[in-house]
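Me: Walk me through this one, please. Keep it brisk.

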Amino acid sequence: MEREDLLLIPGPTMIPPDVRAALAAPPVGHRSRQFTEMIEEITGGLKKVFQTEGDVFVFTATGTGAMEASLVNTLSPGDRVVVVSNGVFGERFASMAEALGLEAERVRFTPGEAATPGVVEEYLGQHPGAKAVLVTHNETSTGVTNDVAAIAEVARRHGALTIVDAVSGLAAIDLRTDAWGLDVVISGSQKAFMLPPGLSFVSVGQRAWEMHGSARLPRFYWDFSRMKQSLEKGQTPWTPNVCLFNGLRAALRRILEEGLESVFQRHARVAQLVRTKMKAMGLELFADEEHASNSVTAVKAPEGVDVREMLRYIQDRYGILLAGGQGELRGKIFRIAHVGCVSEREVFAAVGAIEDYLASGRTGQ
Ligand SMILES: *Cc1c(COP(=O)(O)O)cnc(C)c1O
């Protein structure tokens, strides 16, 4: 019999039974009344999760697609953007901006540390005229949560939009789109939303709409105006993944039934447990604990441990999938994701498996 792995990687994450059942339901027509009812409920639910009264759109695309949408809808060729970068996803946003013909100025921070709003402010002063600040809410590659509220305040003072990649943070860690003045916020289906990959969400605030009016980067599939026009009729401009939409409705019901605040508290509790257990095992955390993420924990690989071998052992023997490091952190850290449908139970399993590997005597081979 095929075994189902426990997915403790930062996406895709585990899918709870009610969401699976919804995903397995027969597809509905995307121009049908059923779809319209569904997208209306979904849009209302997403607004609650994004904590916004503004627009929220759903794209049939992964998070990276919605990141691209956020840029092509608000900016023009040659525009200067300041990209806050303290890991792989900050770098992705910067490379994307460059690929689209924007002038991307990276303000880099040491991986494992959070971006300092004061430094971002100084940088904006030195690079005047920036149209937007791009920032990662939760840097998945290092397990760090950035203070997007403070960074947005700085951006606003300099007349720049704040565009937030919240793919691995939204619906796990508090993020207040309207209260913090976040102009565009992006998330995706396969992390805290407990769904397979394939949908992404983007909120668009008033200032972003104003920029949209004069933004000249080419766009078609991603066009917010087309999305808005269609949504007013309870539709999407292109054929959406209707099965994932059905799953999304179930996931949102689940999140809202638990209550956003309780969801955040559960993630905080589980993350604290992971950090405590790792330290108790004598392992060292990679991220500055003051800014440690509540959705993913990065742990330094102990001296002599081959991370790839450790992860393979843990998956083969126990059916638990953990993540390694990305980019320059490959081989140096491993990561435990605790986002979405997680509780203490999964953490205890992972802790036991790691302990077993470290005690197995394979270390240093
Ligand atoms: C997962 C993730 C993404 C999106 O990646 P996709 O593979 O396109 O879904 C973007 N940003 C962050 C911070 C992420 O963790």
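**Sheet, helix, loop**

Me: How do β13 and β14 pair?
Reply: β13 and β14 (residues 333–337) run antiparallel, joined over 2 bridges. Pairing takes at least two DSSP bridges between strands. Strands (E, at least two residues) and helices (H or I, at least four) are DSSP runs, numbered from the N terminus. Ala323 stands opposite Arg335 in β14.

Me: What's the basis here?
Reply: This is a predicted model; local features need pLDDT of at least 70, side-chain atom pairs 80 or more, while totals for chains, interfaces and linings use all residues. Residues are numbered from 1 along each chain as its sequence is written, and side-chain values use heavy atoms, without hydrogens or water.

Me: What's the strand order in the open sheet?
Reply: β11-β14-β13, antiparallel. β11 (296–300) and β13 (323–324) are the edges, each pairing on one side only.

Me: New topic. Which residues of α7 are buried?
Reply: In α7 (206–214), Ala208, Trp209, Met211 and His212 are buried. Buried is under 20% relative accessible area, exposed over 50%, partly exposed in between (1.4 Å probe, protein chains only).

Me: Why do they line one face?
Reply: Down the axis of α7, they fall within an arc of 160 degrees, so they line one face. The arc uses directions from the helix axis to the C-beta atoms. On the other side, Gln206, Glu210, Gly213 and Ser214 are exposed.

Me: And where is Trp238?
Reply: In the loop between α8 and α9 (242–258). Trp238 counts as partly exposed because its relative accessibility is 25%.

Me: What does the Trp238 side chain have 3.0 Å away?
Reply: The backbone oxygen of Tyr221, from a polar side-chain atom of Trp238.

Methods
Polar contact = N/O pair within 3.5 Å; in protein donor to acceptor, adjacent residues only side chain to side chain.
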